[in-house]
Amino acid sequence: MSFLARHRIILPVVSLTILLAATFYMQPRAMSYFGLNLLFNLAVPIALATIAQMMIIMVNDIDLSLGTFVSLAACVTATFLNDTPLLGLLILLALILSYALLGAVIHALELPAIVVTLGMSFVWGGLALFILPSPGGSSPEWLRTLMTIKPPFAPMAVVAAVIIATVTHLLIIRSGIGTVLRGVGGNARSVQRAGWPVIRLKALAYGLAGLFGVLAGMALVGLATSADANIALRYTLLSIAGVILGGGEFTGGKVSPTGAVIGALTLTLAASFLSFMRLSPDWQIGAQGAILILVLTARLIFSRKGTGA
(Lines give C-alpha, C1' and ligand atoms only; values in the text may rest on other atoms or scores of the structure.)
Protein backbone atom coordinates (compact mmCIF):
# COMPACT_ATOMS: atom_id res chain seq x y z
CA MET A 1 0.00 0.00 0.00
CA SER A 2 2.90 2.34 0.73
CA PHE A 3 4.18 1.78 -2.81
CA LEU A 4 0.79 2.74 -4.23
CA ALA A 5 0.79 5.91 -2.15
CA ARG A 6 4.24 6.79 -3.48
CA HIS A 7 3.56 6.14 -7.16
CA ARG A 8 0.46 8.33 -6.93
CA ILE A 9 2.91 11.25 -7.13
CA ILE A 10 5.77 9.49 -8.98
CA LEU A 11 3.86 8.96 -12.23
CA PRO A 12 2.77 12.60 -12.61
CA VAL A 13 6.37 13.68 -12.01
CA VAL A 14 7.69 11.19 -14.57
CA SER A 15 5.10 12.24 -17.17
CA LEU A 16 5.94 15.93 -16.69
CA THR A 17 9.69 15.19 -16.90
CA ILE A 18 9.34 13.18 -20.12
CA LEU A 19 7.18 15.87 -21.74
CA LEU A 20 9.59 18.60 -20.63
CA ALA A 21 12.57 16.66 -22.03
CA ALA A 22 10.76 16.15 -25.35
CA THR A 23 9.92 19.86 -25.51
CA PHE A 24 13.54 20.85 -24.86
CA TYR A 25 14.69 18.37 -27.52
CA MET A 26 12.37 19.87 -30.11
CA GLN A 27 12.97 23.47 -29.06
CA PRO A 28 16.32 23.88 -27.23
CA ARG A 29 15.76 27.63 -26.85
CA ALA A 30 12.91 26.83 -24.45
CA MET A 31 15.55 25.71 -21.94
CA SER A 32 15.86 29.19 -20.43
CA TYR A 33 14.11 31.51 -17.99
CA PHE A 34 12.23 33.22 -20.81
CA GLY A 35 11.42 29.91 -22.50
CA LEU A 36 10.01 28.34 -19.34
CA ASN A 37 7.98 31.47 -18.73
CA LEU A 38 6.36 31.08 -22.15
CA LEU A 39 5.82 27.33 -21.74
CA PHE A 40 4.01 27.67 -18.41
CA ASN A 41 2.45 31.09 -18.96
CA LEU A 42 -1.12 29.94 -18.25
CA ALA A 43 -0.22 27.31 -15.66
CA VAL A 44 -1.27 29.31 -12.59
CA PRO A 45 -5.00 29.73 -13.38
CA ILE A 46 -5.18 26.13 -14.62
CA ALA A 47 -3.47 24.88 -11.44
CA LEU A 48 -5.88 26.89 -9.25
CA ALA A 49 -8.88 25.58 -11.20
CA THR A 50 -7.55 22.03 -10.88
CA ILE A 51 -7.27 22.42 -7.09
CA ALA A 52 -10.85 23.74 -7.06
CA GLN A 53 -12.04 20.63 -8.91
CA MET A 54 -9.97 18.46 -6.57
CA MET A 55 -11.89 19.82 -3.58
CA ILE A 56 -15.15 18.59 -5.17
CA ILE A 57 -13.77 15.22 -6.29
CA MET A 58 -12.33 14.76 -2.79
CA VAL A 59 -15.89 14.47 -1.37
CA ASN A 60 -17.03 12.10 -4.17
CA ASP A 61 -18.71 14.75 -6.31
CA ILE A 62 -17.80 16.30 -9.65
CA ASP A 63 -18.25 19.89 -10.82
CA LEU A 64 -19.32 20.50 -14.42
CA SER A 65 -19.77 24.24 -13.87
CA LEU A 66 -16.21 25.14 -12.89
CA GLY A 67 -15.22 26.60 -16.26
CA THR A 68 -18.19 28.99 -16.37
CA PHE A 69 -17.66 29.86 -12.70
CA VAL A 70 -14.02 30.81 -13.36
CA SER A 71 -15.21 32.85 -16.36
CA LEU A 72 -17.73 34.67 -14.13
CA ALA A 73 -15.02 35.39 -11.53
CA ALA A 74 -12.82 36.72 -14.35
CA CYS A 75 -15.61 39.02 -15.58
CA VAL A 76 -16.18 40.36 -12.06
CA THR A 77 -12.44 40.92 -11.65
CA ALA A 78 -12.09 42.78 -14.96
CA THR A 79 -15.06 45.06 -14.23
CA PHE A 80 -16.22 45.54 -10.65
CA LEU A 81 -12.93 44.70 -8.92
CA ASN A 82 -11.09 47.07 -11.26
CA ASP A 83 -13.62 49.94 -11.19
CA THR A 84 -15.07 49.65 -7.66
CA PRO A 85 -12.74 47.36 -5.68
CA LEU A 86 -14.89 47.08 -2.54
CA LEU A 87 -18.01 46.09 -4.47
CA GLY A 88 -15.97 43.68 -6.59
CA LEU A 89 -14.54 42.05 -3.47
CA LEU A 90 -18.03 41.67 -1.98
CA ILE A 91 -19.30 40.04 -5.18
CA LEU A 92 -16.40 37.58 -5.23
CA LEU A 93 -17.02 36.71 -1.56
CA ALA A 94 -20.70 36.19 -2.41
CA LEU A 95 -19.70 33.79 -5.18
CA ILE A 96 -17.58 31.76 -2.73
CA LEU A 97 -20.46 31.63 -0.24
CA SER A 98 -22.81 30.59 -3.06
CA TYR A 99 -20.54 27.65 -3.79
CA ALA A 100 -20.54 26.65 -0.12
CA LEU A 101 -24.34 26.89 -0.04
CA LEU A 102 -24.51 24.78 -3.19
CA GLY A 103 -22.55 22.01 -1.48
CA ALA A 104 -24.86 22.10 1.55
CA VAL A 105 -27.99 21.94 -0.64
CA ILE A 106 -26.62 19.03 -2.69
CA HIS A 107 -25.95 17.06 0.49
CA ALA A 108 -29.16 18.01 2.34
CA LEU A 109 -31.44 17.12 -0.57
CA GLU A 110 -29.27 14.20 -1.74
CA LEU A 111 -29.09 15.63 -5.23
CA PRO A 112 -26.64 14.33 -7.87
CA ALA A 113 -23.82 16.87 -7.99
CA ILE A 114 -23.15 16.24 -11.67
CA VAL A 115 -26.70 17.32 -12.58
CA VAL A 116 -26.84 20.29 -10.20
CA THR A 117 -23.49 21.68 -11.30
CA LEU A 118 -24.42 21.20 -14.95
CA GLY A 119 -27.51 23.33 -14.30
CA MET A 120 -25.43 25.90 -12.39
CA SER A 121 -23.11 26.23 -15.38
CA PHE A 122 -25.95 27.99 -17.20
CA VAL A 123 -26.50 30.28 -14.21
CA TRP A 124 -22.82 31.26 -13.95
CA GLY A 125 -22.61 31.65 -17.73
CA GLY A 126 -25.71 33.86 -17.83
CA LEU A 127 -24.36 36.11 -15.08
CA ALA A 128 -21.01 36.38 -16.87
CA LEU A 129 -22.77 37.43 -20.08
CA PHE A 130 -24.84 39.95 -18.15
CA ILE A 131 -21.68 41.52 -16.72
CA LEU A 132 -19.66 41.38 -19.96
CA PRO A 133 -21.84 40.89 -23.05
CA SER A 134 -18.72 41.27 -25.20
CA PRO A 135 -15.00 40.84 -24.41
CA GLY A 136 -13.60 43.75 -22.47
CA GLY A 137 -12.82 45.05 -19.03
CA SER A 138 -9.36 45.57 -17.65
CA SER A 139 -7.13 43.91 -15.09
CA PRO A 140 -6.47 45.83 -11.85
CA GLU A 141 -2.95 47.22 -11.96
CA TRP A 142 -1.86 45.43 -8.77
CA LEU A 143 -3.09 42.09 -10.14
CA ARG A 144 -1.29 42.56 -13.47
CA THR A 145 1.90 43.44 -11.60
CA LEU A 146 1.58 40.38 -9.34
CA MET A 147 1.04 37.95 -12.23
CA THR A 148 3.87 39.35 -14.36
CA ILE A 149 6.49 39.72 -11.63
CA LYS A 150 9.84 38.07 -12.45
CA PRO A 151 11.41 36.21 -9.50
CA PRO A 152 15.20 35.83 -9.70
CA PHE A 153 15.65 32.08 -10.19
CA ALA A 154 12.45 30.69 -11.74
CA PRO A 155 9.48 32.12 -13.66
CA MET A 156 6.44 33.31 -11.70
CA ALA A 157 4.33 30.38 -12.94
CA VAL A 158 6.78 27.83 -11.51
CA VAL A 159 7.15 29.68 -8.19
CA ALA A 160 3.37 30.07 -7.88
CA ALA A 161 2.85 26.37 -8.67
CA VAL A 162 5.22 25.40 -5.85
CA ILE A 163 3.40 27.73 -3.44
CA ILE A 164 -0.04 26.39 -4.46
CA ALA A 165 1.12 22.79 -4.11
CA THR A 166 2.71 23.44 -0.70
CA VAL A 167 -0.27 25.32 0.76
CA THR A 168 -2.86 22.81 -0.45
CA HIS A 169 -0.74 19.85 0.65
CA LEU A 170 -0.53 21.28 4.17
CA LEU A 171 -4.27 22.04 4.16
CA ILE A 172 -5.59 18.75 2.74
CA ILE A 173 -2.96 16.15 3.64
CA ARG A 174 -1.32 17.42 6.81
CA SER A 175 -4.08 19.25 8.69
CA GLY A 176 -6.77 17.63 10.81
CA ILE A 177 -9.66 19.23 8.93
CA GLY A 178 -8.14 18.08 5.64
CA THR A 179 -8.06 14.50 6.91
CA VAL A 180 -11.73 14.74 7.90
CA LEU A 181 -12.67 16.20 4.50
CA ARG A 182 -10.93 13.30 2.76
CA GLY A 183 -12.79 11.02 5.16
CA VAL A 184 -16.08 12.37 3.81
CA GLY A 185 -15.08 11.07 0.40
CA GLY A 186 -13.84 7.78 1.83
CA ASN A 187 -16.72 6.96 4.18
CA ALA A 188 -19.17 9.75 5.01
CA ARG A 189 -21.19 7.58 7.39
CA SER A 190 -18.18 6.84 9.56
CA VAL A 191 -17.34 10.54 9.69
CA GLN A 192 -20.92 11.31 10.73
CA ARG A 193 -20.87 8.59 13.40
CA ALA A 194 -17.69 10.18 14.76
CA GLY A 195 -19.70 13.33 15.46
CA TRP A 196 -18.74 15.48 12.48
CA PRO A 197 -21.58 17.37 10.68
CA VAL A 198 -21.17 16.13 7.11
CA ILE A 199 -23.34 18.90 5.67
CA ARG A 200 -20.93 21.51 7.05
CA LEU A 201 -17.95 19.58 5.75
CA LYS A 202 -19.51 19.38 2.28
CA ALA A 203 -20.19 23.13 2.44
CA LEU A 204 -16.56 23.71 3.45
CA ALA A 205 -15.24 21.59 0.57
CA TYR A 206 -17.41 23.44 -1.93
CA GLY A 207 -16.49 26.77 -0.34
CA LEU A 208 -12.80 25.97 -0.79
CA ALA A 209 -13.53 25.04 -4.40
CA GLY A 210 -15.25 28.40 -4.84
CA LEU A 211 -12.25 30.18 -3.31
CA PHE A 212 -9.76 28.54 -5.66
CA GLY A 213 -12.14 29.05 -8.59
CA VAL A 214 -12.26 32.78 -7.84
CA LEU A 215 -8.47 32.89 -7.53
CA ALA A 216 -8.21 31.11 -10.90
CA GLY A 217 -10.42 33.76 -12.51
CA MET A 218 -8.39 36.55 -10.98
CA ALA A 219 -5.08 35.01 -12.07
CA LEU A 220 -6.41 34.55 -15.60
CA VAL A 221 -7.39 38.22 -15.85
CA GLY A 222 -3.99 39.24 -14.45
CA LEU A 223 -2.37 37.38 -17.38
CA ALA A 224 -4.88 38.16 -20.13
CA THR A 225 -5.47 41.80 -18.93
CA SER A 226 -9.16 41.51 -19.92
CA ALA A 227 -12.01 39.01 -19.79
CA ASP A 228 -15.07 37.62 -21.52
CA ALA A 229 -17.88 35.25 -20.59
CA ASN A 230 -16.25 32.28 -22.35
CA ILE A 231 -12.64 32.84 -21.32
CA ALA A 232 -12.33 29.70 -19.18
CA LEU A 233 -14.90 27.26 -20.58
CA ARG A 234 -12.21 24.61 -21.23
CA TYR A 235 -11.18 24.69 -17.58
CA THR A 236 -13.97 22.28 -16.60
CA LEU A 237 -12.47 19.38 -18.52
CA LEU A 238 -8.88 20.52 -17.99
CA SER A 239 -9.38 20.60 -14.21
CA ILE A 240 -10.88 17.09 -14.15
CA ALA A 241 -8.04 15.80 -16.31
CA GLY A 242 -5.48 17.53 -14.08
CA VAL A 243 -6.84 15.91 -10.91
CA ILE A 244 -6.90 12.42 -12.46
CA LEU A 245 -3.53 12.91 -14.16
CA GLY A 246 -2.13 13.93 -10.77
CA GLY A 247 -3.16 10.68 -9.07
CA GLY A 248 -6.67 11.51 -7.88
CA GLU A 249 -9.62 9.13 -8.13
CA PHE A 250 -13.33 9.72 -8.49
CA THR A 251 -14.17 7.69 -5.37
CA GLY A 252 -12.80 7.26 -1.87
CA GLY A 253 -11.45 10.73 -1.19
CA LYS A 254 -8.14 9.77 -2.81
CA VAL A 255 -6.51 12.97 -4.03
CA SER A 256 -3.03 14.44 -4.24
CA PRO A 257 -2.76 18.26 -4.14
CA THR A 258 0.86 18.20 -5.30
CA GLY A 259 -0.02 15.70 -8.02
CA ALA A 260 -2.96 17.85 -9.13
CA VAL A 261 -0.68 20.87 -9.58
CA ILE A 262 1.82 18.74 -11.50
CA GLY A 263 -1.06 17.44 -13.62
CA ALA A 264 -2.05 21.03 -14.41
CA LEU A 265 1.55 21.85 -15.35
CA THR A 266 1.66 18.76 -17.59
CA LEU A 267 -1.52 19.78 -19.42
CA THR A 268 -0.21 23.32 -19.86
CA LEU A 269 3.10 22.00 -21.20
CA ALA A 270 1.29 19.54 -23.48
CA ALA A 271 -0.44 22.45 -25.24
CA SER A 272 2.93 24.15 -25.83
CA PHE A 273 4.53 20.87 -26.96
CA LEU A 274 1.76 20.23 -29.48
CA SER A 275 2.17 23.77 -30.80
CA PHE A 276 5.89 23.11 -31.34
CA MET A 277 4.87 20.02 -33.34
CA ARG A 278 2.76 22.39 -35.48
CA LEU A 279 -0.30 20.29 -34.81
CA SER A 280 -3.57 21.89 -35.84
CA PRO A 281 -5.51 23.39 -32.89
CA ASP A 282 -8.43 21.17 -33.94
CA TRP A 283 -6.34 18.11 -33.12
CA GLN A 284 -4.63 19.41 -29.99
CA ILE A 285 -7.51 18.62 -27.60
CA GLY A 286 -7.58 15.03 -28.87
CA ALA A 287 -3.81 14.76 -28.50
CA GLN A 288 -4.03 16.04 -24.90
CA GLY A 289 -6.63 13.35 -24.26
CA ALA A 290 -4.27 10.73 -25.70
CA ILE A 291 -1.50 11.87 -23.34
CA LEU A 292 -3.93 11.57 -20.42
CA ILE A 293 -4.95 8.05 -21.46
CA LEU A 294 -1.29 6.97 -21.74
CA VAL A 295 -0.52 8.19 -18.22
CA LEU A 296 -3.65 6.58 -16.77
CA THR A 297 -2.80 3.30 -18.51
CA ALA A 298 0.67 3.40 -16.98
CA ARG A 299 -0.87 4.09 -13.56
CA LEU A 300 -3.22 1.13 -13.89
CA ILE A 301 -0.34 -1.18 -14.86
CA PHE A 302 1.78 -0.06 -11.91
CA SER A 303 -1.22 -0.32 -9.56
CA ARG A 304 -1.79 -3.95 -10.53
CA LYS A 305 1.89 -4.75 -10.16
CA GLY A 306 1.92 -3.08 -6.74
CA THR A 307 -1.13 -5.04 -5.64
CA GLY A 308 0.38 -8.27 -6.91
CA ALA A 309 3.57 -7.55 -4.98
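**Reading a predicted all-helix model**

Q: Does Tyr206 count as buried or exposed, and what is its relative accessibility?
A: Tyr206 counts as buried, because its relative accessibility is 0%. Buried means under 20% relative accessible area, exposed over 50% and partly exposed in between, with a 1.4 Å probe and protein chains only. The model is predicted: local features need pLDDT of at least 70, side-chain atom pairs count only at pLDDT 80 or more, and totals for chains, interfaces and linings use all residues. Residues are numbered from 1 along each chain as its sequence is written, and side-chain values use heavy atoms, with hydrogens and water left out.

Q: What share of the 309 residues in the protein chain is buried?
A: Buried residues account for 49% of the 309 residues in the protein chain.

Q: How many helices and strands does the protein chain have?
A: Helices (H or I, at least four residues) and strands (E, at least two) are DSSP runs, numbered from the N terminus. In the protein chain there are 13 helices and 0 strands.

Q: How does the radius of gyration of the protein chain agree with that of a compact globule?
A: The radius of gyration is taken over C-alpha atoms, and the globule rule is 2.2 Å times the number of residues to the power 0.38. For 309 residues, a compact globule would have a value near 19 Å, and the protein chain agrees, with 19 Å. Along the principal axes, the C-alpha atoms of the protein chain fill a box of roughly 60 × 55 × 35 Å.

Q: What percentage of contacts between residues at least 6 apart in sequence join residues at least 24 apart?
A: A contact means heavy atoms within 4.5 Å. Among contacts in the protein chain between residues at least 6 apart in sequence, 78% join residues at least 24 apart. Thr266 counts as buried, at 2% relative accessibility. Not counting residues up to four places away in sequence, Thr266 touches Pro12, Ser15, Leu16, Leu19 and Leu245.

Q: How many aromatic pairs are found in the whole structure?
A: Rings of Phe, Tyr and Trp (its six-membered ring) pair if their centres lie within 6.5 Å; planes under 30 degrees apart count as stacked, over 60 as edge-to-face and the rest as tilted. The whole structure holds 4 aromatic pairs. One of them joins Phe69 and Trp124, whose ring centres are 5.2 Å apart and whose planes stand at 70°, so the pair is edge-to-face. This pair links distant parts of the chain, 55 residues apart: Phe69 lies in helix H4 (residues 66-83) and Trp124 in helix H6 (residues 113-131). Phe69 is buried at 0% relative accessibility, and Trp124 is buried with a relative accessible area of 4%.

Q: Which class of aromatic pair do Tyr99 and Tyr206 form?
A: The pair of Tyr99 and Tyr206 is tilted, with 6.5 Å from centre to centre and 45° between the planes. Tyr99 lies in helix H5 (residues 85-108) and Tyr206 in helix H10 (residues 198-224), so the pair ties together parts that are 107 residues apart in sequence. Tyr99 is buried, with a relative accessible area of 0%.

Q: Which residues form one aromatic cluster?
A: Phe69, Tyr99, Trp124 and Tyr206 form one aromatic cluster.
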